[in-house]
Amino acid sequence: MKASITSLLLVSVLFGCSSKQEPTPKLQHARLTEPQSELIALGIARLMHSKPINVTEDAFINSSILVIETFNDVDIQEQRRSGSFQDMPERFELLIKNQMCFVRHLDSKATEPLPLVKCKPSN
């Protein structure tokens, strides 16, 4: 009985080691295939738990990195109040894995899927 269990374990180990397993695809840097600033703004708002922000039309078109400058003191119309100063810029990167695009906050590494966004791996 003990020999058959040992044989069974040995066969399991051998087959387990010899079976070819595909590596899990990693997130790759990406760029948009067309301007999609509204979808990007919504994704960043979800990621940062904030209201949508204005994102330029060429965001993530030429680069996989997006830098957004913020101000610490804005009024209701989103205008800077006198005496306000600029906070550290927020940096984001566009990533792709298995045809799905993601936006990642570079400081926190928090990542949000962008299911409607069309992107391609950066070269």
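Residues are numbered from 1 along each chain as its sequence is written. Because the model is predicted, local features need pLDDT of at least 70 and side-chain atom pairs count only at pLDDT 80 or more, while totals for chains, interfaces and linings use all residues; side-chain values use heavy atoms, without hydrogens and water.

**Helix H2**

Helices (H or I, at least four residues) and strands (E, at least two) are DSSP runs, numbered from the N terminus. The 12 residues of H2 should span 16 Å at 1.5 Å a residue, and the end C-alpha atoms are 16 Å apart, in agreement. The expected span is 1.5 Å times one less than the number of residues. Buried means under 20% relative accessible area, exposed over 50%, and partly exposed in between (1.4 Å probe, protein chains only). In H2, the buried residues are Ser 37, Ile 40, Ala 41, Gly 43, Ile 44, Ala 45 and Leu 47. Their cover includes strands E1 (28-32), E2, E3 (90-97), E4 (100-105) and E5 (111-114), where contact means heavy atoms within 4.5 Å.

Most residues other than glycine have a negative phi. Two exceptions lie in the loop between H2 (37-48) and E2 (65-68); His 49 follows H2.

| Residue | Phi | Relative accessible area |
|---|---|---|
| His 49 | near 55 degrees | 76%, exposed |
| Phe 60 | about 65 degrees | 2%, buried |

A nonpolar core is a set of buried Ala, Val, Leu, Ile, Met, Phe, Trp, Tyr and Cys residues joined through side-chain atoms within 4.5 Å. The largest one has 19 residues, of which Ile 40, Phe 60, Leu 66 and Leu 94 touch the most other members. In soluble globular proteins, nonpolar side chains tend to be buried together.

Leaving aside residues up to four places away in sequence, Leu 66 touches Ile 40, Ile 44, Val 55, Ala 59, Phe 60, Glu 90, Arg 91 and Phe 92. Leu 66 and Ile 68 form the covered face of E2, whereas Ile 65 and Val 67 form the uncovered one. In a regular strand the side chains alternate between the two faces of the sheet. E2 and E3 run antiparallel and are joined by 4 bridges; strands pair if DSSP finds at least two bridges between them. Ile 65 has Glu 93 of E3 as its bridge partner.
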